[in-house]
Amino acid sequence: MASQRGKRKLEVPHAPPRKPRILRAACGCLAADQFALLCKYFLEWAEVKAVITRAARKFVKATDIPNTVPVYTDEYEWFIWKRLGEPVLHIDLANWAEILVISPLSAETLSEIVAGFSDNLLTCIDSIVRAWDYSKPMFVATSMNTLMWKNPFSEWHCIAIDDLGINLVPPPSGQHNAAEMADPPLIYSTVRLSYDSKMKKGQGAV
Ligand SMILES: Cc1cc2nc3c(=O)[nH]c(=O)nc-3n(C[C@H](O)[C@H](O)[C@H](O)COP(=O)(O)O)c2cc1C
């Protein structure tokens with residue numbers, strides 16, 4: 001009996017895989033009304049925190065966002081930080097997140113990303129992007145009317161973010177309506193497929 005007991009393998013329960021940490025951000029675009037829906041998609045698979053710009057607050061209905069998702073705005077930055085040595089929100093969020101998903105991304109924030117702006121008073125997102133570790137994935141889904149999208153600046157800026165390694169989920173082609181953004185299920189599946197394929201290749205979470 002004693003020897004059988006000795007042979008018994010010690011059962012070590014596998015820890016459930018940790019959920020990826022996703023930082024969702026929204027800019028002031030008409031398509032920001034889909035922000036809450038996309039948060040819900042990601043919540044089924046990931047831990048989610050959210051950042052919305054000042055302009056995005058006009059479009060995002062805070063009560064639609066699940067209450068398990070903390071939502072940060074510019075004001076939090078200064079509310080949390082009072083003196084040297086205290087946490088700096090945009091740095092903490094950039095470090096916390098494994099993946100940054102900005103959808104919708106406005107023409108303005110797109111150009112600020114390309115220019116490397118990090119004006120905290122303007123938007124929290126720019127600071128996070130400026131503090132971003134580009135070995136971690138970032139996805140953006142633009143939302144602009146056709147005239148803005150076809151403007152040469154948009155093309156130049158999209159080339160520039162591609163050079164930075166930022167993944168663009170483009171607007172649906174052939175659309176001529178205002179404020180087109182890729183559909184939320186497409187944005188979700190693009191991020192998820194990319195993450196899952198990295199995990200399969202053994203690159204793991206960052
Ligand atoms: C009703 C309304 C709708 C807008 N929709 C868009 C849009 O779809 N895409 C865009 O790039 N800008 C849009 N804008 C302009 C942005 O809100 C504006 O450039 C803002 O400063 C963007 O700031 P943010 O990038 O910090 O959120 C819209 C403005 C208004 C008033």
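## Burial and the model

A residue is called buried if 20 or more other C-beta atoms lie within 10 Å of its own, exposed if 12 or fewer do, and partly exposed in between, with C-beta atoms placed from the backbone. This is a predicted model, in which local features need pLDDT of at least 70 and side-chain atom pairs count only at pLDDT 80 or more, while totals for chains, interfaces and linings use all residues. Residues are numbered from 1 along each chain as its sequence is written.

Of the 206 residues in the protein, 35% are buried. The secondary structure comprises nine helices and six strands; helices (H or I, at least four residues) and strands (E, at least two) are DSSP runs, numbered from the N terminus.

## Strand β1 and Arg21

Arg21 belongs to strand β1, residues 21-26. Arg21 is partly exposed because 17 other C-beta atoms lie within 10 Å. In β1 as a whole, five of the six residues are buried.

Two residues are in contact if their C-beta atoms, placed from the backbone, lie within 7 Å. Neighbours within four places in sequence aside, Arg21 is in contact with Ala46, Glu47, Trp96, Ala97 and Glu98. The C-alpha atoms of Arg21 and Lys49 are 8.0 Å apart, although 28 residues separate the two along the chain.

Strands β1 and β2 run parallel and are joined by six bridges; two strands pair if DSSP finds at least two bridges between them. Opposite Lys49 in β2 stands Leu23.

Which residues of helix α2 (residues 35-43) are buried? They are Phe35, Ala36, Leu38, Cys39 and Phe42. These residues lie on the same side of α2 because they cover an arc of only 160° around the axis, the arc being that of the directions from the helix axis to the C-beta atoms. An α-helix has 3.6 residues a turn, so residues three or four places apart point the same way. The buried residues of α2 pack against β1, β2 (47-52), β4 (99-105) and α9 (184-200).

A nonpolar core is a set of buried Ala, Val, Leu, Ile, Met, Phe, Trp, Tyr and Cys residues joined through C-beta atoms within 7 Å. The largest such core has 48 residues, of which Ala32 and Leu100 touch the most other members. Apart from neighbours within four places in sequence, Leu100 is in contact with Leu23, Ala25, Ile128, Trp132 and Met138.

## Around the ligand

Of the 17 residues around the ligand, Cys27, Gly28, Cys29, Thr53 and Ser106 come nearest; a residue is near a molecule if its C-beta atom, placed from the backbone, lies within 6 Å of it. Helix α5 (residues 107-115) contributes three residues, the largest share of this shell.
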